[in-house]
Amino acid sequence: MSELLQQTVSGLTTGLVYAALALAIALVFQGTGTLNFAQGEFATLAAFVSFALSTAGLSWWLIVPVLVVLAFVFGAGVERLLVRPVEGNGPLALLTVTAALLLGTNAVVALIWGTDVRSMPSPFGDAVHHVGPLTFTAQALGGGALVLTAMVLCGAIFRFTPLGLRLRAVADNPDSARLLGISTGLMLAVGWGIAAAVGAVAGLVAAPTLGLSPELMTNALLLALAAVTLGGFSSRLGAVVGGLLIGVLSNLASRYVPGIGGDLQLVVPFAVIFLVLLVRPQGLFGRPSAVRA
Amino acid sequence: MATSISGPATRTVAATPGSPRAAAPALDELRPLWRRPVTWAWTALFVVALVVPFLISDYDLFKATRVLTVAIAVAGLNLLIGRAGQISAGHGALYGLGAYTAMILVKELGWGWPLAVLAAVIVSGAAGWLIGLPALRVRGLNLGLLTIAIAAIFPLLLSRFEGITGGTIGLQLAGSPITPPGGLALTPEQFQFLLLVVVLAVVLVLLRNLTTGPLGRAVEALRVNPLMARSEGVDVNRLTLTMFGISSAVAGLGGALGGLVLASTVPDSYSMFFSLTLLSACVVGGSRTWAGSLVGAAFIVYLPDVISQHIGSTTGGQWSQLVYAVALLLTLFFLPAGVAGGAGRLVTRLTGGPRRRSKA
Amino acid sequence: MSDIPGLVRRRVVVALAAGSLLLTAACSGRADDSSESASGSSAGSDEPIVVGMSFPLSGPLSGAAAVADGAAAYFERVNAEGGVDGREIDYQVLDDGYDPARQAENARQLVDQEDAGVVLTFGGISSATAPYLNGEKVAHVAFGTQAALSDTDTTPYTRGWFPDGSWEGQVVAEHIQEESPDAVVGVLGIANDLTTSQVDGMAAAGLTPDKVLTVPPGVVDLTSQLNELRGAGVDTLFLAVVGPAQPATLRTMADIGYQPTTYLYSAASDLATSVGPAGPENATNAFTAQYFKDPADPRWADDEGVQAFKEDIAEYGDEANADSYLAIEGYGAAAAIVAALEESGGEGGDAFAEAWDSIDGVDNPAILPDMQLSAGPGSRLVHQYRILQFDGTSWQDAGDVVDAADLAQG
């Protein structure tokens, strides 16, 4: 029983990283209407930058806000310079652009920092806390808190600020938003920026546990895609819940469902997606909406 | 959010280079086949392709043969994406399914290769039909995700069921079973290349006829507006499944021939990355031109090699990857209709055709 | 209407362009037959010996470029010292991105165009290229632990570098049985034939692990698997994961306070990429069954072989690889290949295979002291192991040299 609990807790901890990445993917999707395959690589890049900053002697209290700002500028810049030119060429061209971004970012990271894995010290120290039969590392607790904060902040921006209102307007109906005088182009860039910032936090939190390498987020990206589908592309909350569910489900299934095992761990989230899409194409939390003909 | 999926898609329809062209082929097609220049161009190309094997080395032929097997798969993808308006990010898995089916039949059951290839086509087609089932409910990027899930899982399953698939080291033959029949004084590479030229030609002709006939008009209606297609008596579900089936069968054909020419099938060949590469070949070549399948395949097969040969040091691999990514981006920026579509547009401009903006 | 001729012309040109692309890409002329017979029979000439290499220089396994770099450094040094019997080694490195189709193409290019006498390929996908090279009777050295690469009956021209994966399982199992016969043994590995062969080797030594868990390559977070092993009471763990997963797992084990007796997979135990990033304190007291020297280990600072390696890599290769275990593996392999080339007097496939198989008691800069290369089971040159234990800064001897050739027989 205590192993079941521990497995669930571990699943939630890893699920938080998927959740943050899934949120980033959902944000881009709501604005630009494409999946950003490079979202994971952006997060990896951010993790390496934070590593470089910490090697340069910056304290973590500074690194986190600096990283978030840098990531925002980077994400918005990528949208303006590299994604904007192909907008209007259809979802497939956009998708291919993000695939090219994935390859390019991955190569840049490997060129600067090499392909060997490096250790990154946890900003939260190495302490271990025991609660009943469960063990929590300081990294898991601190990292979890950081990701949660980022997600709550992001949610608050969308729900309670005028900027958020405009972002939502553009996501819901770009044409009407334009008629209302909202600069849709600017809002799309802002969306990419916020997504990159949330993703950066995911990378920062994942790196001390997984070790820094160009493949840091490869697997997490797949699971985040599964999470977004599960939760529904139209729902930010759904993406987060989807991430947590995927984290717990893939942990428990590979442990307790006979015949699955670790090597087919990846199959679980996708089997779930398959079922969800067939039964509820809009995702668990998505709103069904009429297909515009 | 389904609206924003179909939003850009509807815009694409208006923006494709195909639409201004729409009237032209209709007139062009009033002429008999033998009087159309495009027929002559393809025929000339075909004849040239028949001479090529006697001019270049077996190594270059081997590589060109791989381009042709990939081009078959991309042609299948073009049918689905460019004509039927459905996304599949899982065609790498179908290509692999064709390869494994043919390989197992030849290696384990001792079938002759033509029969094994035929069986592979049927198996892949059936698998594609099954994959098409969710497409009846799910469209756009959700479908893309679903098919990418298939692409991600396929190599894992190949590794798991090693009893049939040989596990992670896959299945190998001592040599390709596709050898010239007795009496033909050709090297295996020459024969394989010629065979693939003929197969690709047949596939392209069949696909072209499929999309210009009455079925083609129904497919066009399906892409532009499924609701309207339905109202005009098109059985949308059946048509969607048929398109998935044909497209997958064609991909399986390419895979079966590719696997047998290589005489080897390994799970690593059919990774999710390969599926995405096929998708980028489709976009780079131009999903609505049949020549695009050949151009796109050449792009993804030759470019990485060309780049790595020019950079070619043990530390240059990352640079090649970066250059490839940049080349892909530049193609998308400057040739939104793909290389084949873009080249055609350039010719029109140079030869005094009306100027058109590159995108809507 | 003026539109139409232009459009038609356009489609014509597109079709032609597509074809000419194929033509121009295949630019080199058809090789005449005289050059094909050149390879293999040029012993004694002054022509360079062409060594072709196909490695993943890009993509997820691009770390293996270090192996190629180490090998290249050794070839350069041999050239600087006058070559093999006065013949220069002309090595060519091609990228295959770990794609079997590209590796097969590269092999054809190296044999057809470059006239390579020896072809080196990396990884398990080498078994896909072996049939072609064997058909061409070209000497083939494959960097892989797979049993398929030891099968010299089916592929008489293919030789595997590294030991067979199962032997390490055997050596580790024997050590476990000696040290703690009642151990509850777990294996945490990669879902491929490497872990399968390791577990087979353990079984051959009479040890059936109580728990075997595998994950696909690329999965880094193994917390769930660790929870399961701990829940099953596993107190002795053979940790056979590779890449970033290995140090991450060691760190997680320390974090959650799970400290079984740990055996690290030999190729994932070096200071630069494994125990270093894991935090040396988290790997202290771990064992490994090892055969190569880790150039980052201070123990070998004054070692002749390691010093030569570091000098050569600094002069001819990428200096960043001076601490790389992968690079010294390639360096050692190149030394073995050169030994076989010197013995065979040329690069003919038959002569090379014969020379390789007659290697007996040859020193090598990369392997541990008190070991030598000699052709053993499956024509593998490396089959001796020594159990080492990590003391927090360095890997120290914790047993005698064990020869897998003896284990295989009895």
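**Note on a helix pair in chain A and a sheet in chain C**

1. A:L67, A:V68, A:A71, A:F72, A:V73, A:F74, A:G75, A:A76, A:V78, A:E79 and A:R80 of helix α3(A) meet A:L188, A:A189, A:V190, A:W192, A:G193, A:I194, A:A195, A:A196, A:A197, A:A200, A:V201 and A:L204 of α8(A). Contact here means C-beta atoms, placed from the backbone, within 7 Å. Helices (H or I, at least four residues) and strands (E, at least two) are DSSP runs, numbered from the N terminus.

2. The model is predicted: local features need pLDDT of at least 70 and side-chain atom pairs 80 or more, while totals for chains, interfaces and linings use all residues. Residues are numbered from 1 along each chain as its sequence is written, with chains lettered from A and ligands numbered from 1 in the order written.

3. The axes of α3 (residues 60-83) and α8 (residues 184-210) of chain A come within 7 Å and cross at roughly 135°. Axes are lines fitted to C-alpha atoms, for helices over the stretch in contact, and angles run from 0 to 180 degrees between N-to-C directions.

4. In chain C, seven strands form an open sheet with mixed pairing, in the order β7-β6-β8-β9-β10-β13-β14. Strands pair if DSSP finds at least two bridges between them. The edge strands, β7 (211-215) and β14 (395-403) of chain C, each pair on one side only.

5. Strand β13 (residues 384-390) of chain C pairs with β14(C) in the antiparallel sense over six bridges. C:Y385 stands opposite C:V402 in β14(C).

6. Helix α7 (residues 193-204) of chain C lies across β6, β7 and β8 of chain C, at about 155° to β6(C).

Key
Contact = placed C-beta atoms within 7 Å.
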